[in-house]
Amino acid sequence: MHSRRRTAVAPVQDQHVAGRRHDERGASAVEFALLMPLFMTIIIGIISYGYMLSYRQTVSQAAAEGARAAAIAPSGLTAAQKLTKATAAVNDSLQSYGMTCSGSVLKKGADAYGSCSITVAGTCPSGSGSCATVTISHQYRDHPLVPSFPGLGVTLPQNLTFTSVVEVN
């Protein structure tokens, strides 16, 4: 009977891989350090833009609610009382962002962020009847609601402006 002799030969490939692992220690940390600023910029951009879009919807809704409040106010109320109701409706809609419409100024705290205009007994664009018009304008690029990250300011809109017109019955 022939006996086969077995010889233990270490594969060359395993020695090569083991040597490479030793040479590449810390490569993951370097790659992470290089890519993390890019990932953080993308995440901060998504958060900033998402917050702006949410606020944009709120401003649109506030203008619509203000015009609606003036339009459905009882006909026995004066124009000043309808204006008060419209202003209250706008402020109720904007309160979750800490914004208020005070006179013709859109404010956050004591700082002016834009303008708001509420007209109760104006003429409708069609020329017939009386309309309530609410316009809210926020200078968003100059006064963003979230802190701006370098380079992201150019992607945000200069102004957020919404106008709502409702015919008063």
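How many residues does helix H3 have, and what span does it reach from its first C-alpha to its last? Helix H3 covers residues 79–94, has 16 residues and reaches 23 Å, which is close to the 22 Å expected at 1.5 Å a residue. The model described here is predicted.

**Overall picture**

The protein chain contains three helices and five strands. Along the sequence, these elements follow the pattern α-α-α-β-β-β-β-β. Of the 169 residues in the protein chain, 28% are buried. The accessible surface of the protein chain comes to about 11200 Å², and carbon and sulfur atoms account for 56% of that surface. Among contacts between residues at least 6 apart in sequence, 56% join residues at least 24 apart.

**Confidence**

The mean pLDDT of the protein chain is 85, and 85% of the residues score at least 70. Confidence is lowest in helix H1 (residues 12–23), where the mean is 55. Strand S2 (residues 105–108) has the highest confidence, at 95. Where pLDDT is low, the predicted coordinates should not be read in detail.

**The helices**

Helix H2 spans residues 27–72 and includes Leu-34. Leu-34 counts as exposed because its relative accessibility is 63%, and the cut-off for exposure is over 50%. Leu-34 also belongs to a nonpolar patch on the surface, together with Val-30, Leu-35, Leu-38, Phe-39, Ile-42 and Ile-46. The accessible area of this patch is about 710 Å² together.

In helix H3, the buried residues are Lys-82, Ala-86, Ala-89, Val-90, Asn-91 and Leu-94. Ala-80 lies in helix H3 as well, but Ala-80 is exposed, with a relative accessible area of 51%.

**The strands**

Strand S5 (residues 160–168) holds Leu-160, and Ser-164 is placed in strand S5 too. Is Leu-160 buried or exposed? Leu-160 counts as buried because its relative accessibility is 3%, and buried means under 20%. Ser-164, at 14% relative accessibility, likewise counts as buried.

Leu-160 touches Met-52, Tyr-55, Arg-56, Ile-136, Ser-137, His-138 and Tyr-140. Ser-164 touches Ala-63, Ala-64, Ala-67, Ala-132, Thr-133 and Val-134.

Thr-133 is found in strand S4 (residues 130–138). Apart from its neighbours within four places in sequence, Thr-133 is in contact with Ser-117, Ile-118, Thr-119, Thr-163, Ser-164 and Val-165.

**Pairs separated in sequence**

| Pair | Separation in sequence | C-alpha to C-alpha distance |
|---|---|---|
| Leu-160 and Ser-60 | 100 residues | 9.1 Å |
| Thr-133 and Ala-71 | 62 residues | 9.3 Å |
| Ala-80 and Thr-119 | 39 residues | 10.0 Å |

For Thr-133 of strand S4, the C-alpha distance to Ala-71 is 9.3 Å. Ala-80, in helix H3, has its C-alpha 10.0 Å from that of Thr-119.

How values were computed. Residues numbered from 1 in each chain as written. Predicted model: local features only at pLDDT ≥ 70, side-chain atom pairs only at ≥ 80, totals over all residues. Heavy atoms only, no water. Patch = residues over 30% accessible without salt bridge, like charges linked within 9 Å, V, L, I, M, F, W, Y side chains within 5 Å. Areas by Shrake-Rupley, 256 points an atom, 1.4 Å probe, with all protein chains shown as cover. Salt bridge = Lys/Arg side-chain N within 4 Å of Asp/Glu carboxyl O. Helix = DSSP H or I, 4+ residues; strand = E, 2+ residues; numbered from the N terminus. Buried < 20%, exposed > 50% of the residue type's maximum accessible area, 1.4 Å probe, protein only. pLDDT = per-residue confidence, 0-100. Contact = heavy atoms within 4.5 Å. Expected span 1.5 Å × (residues − 1).
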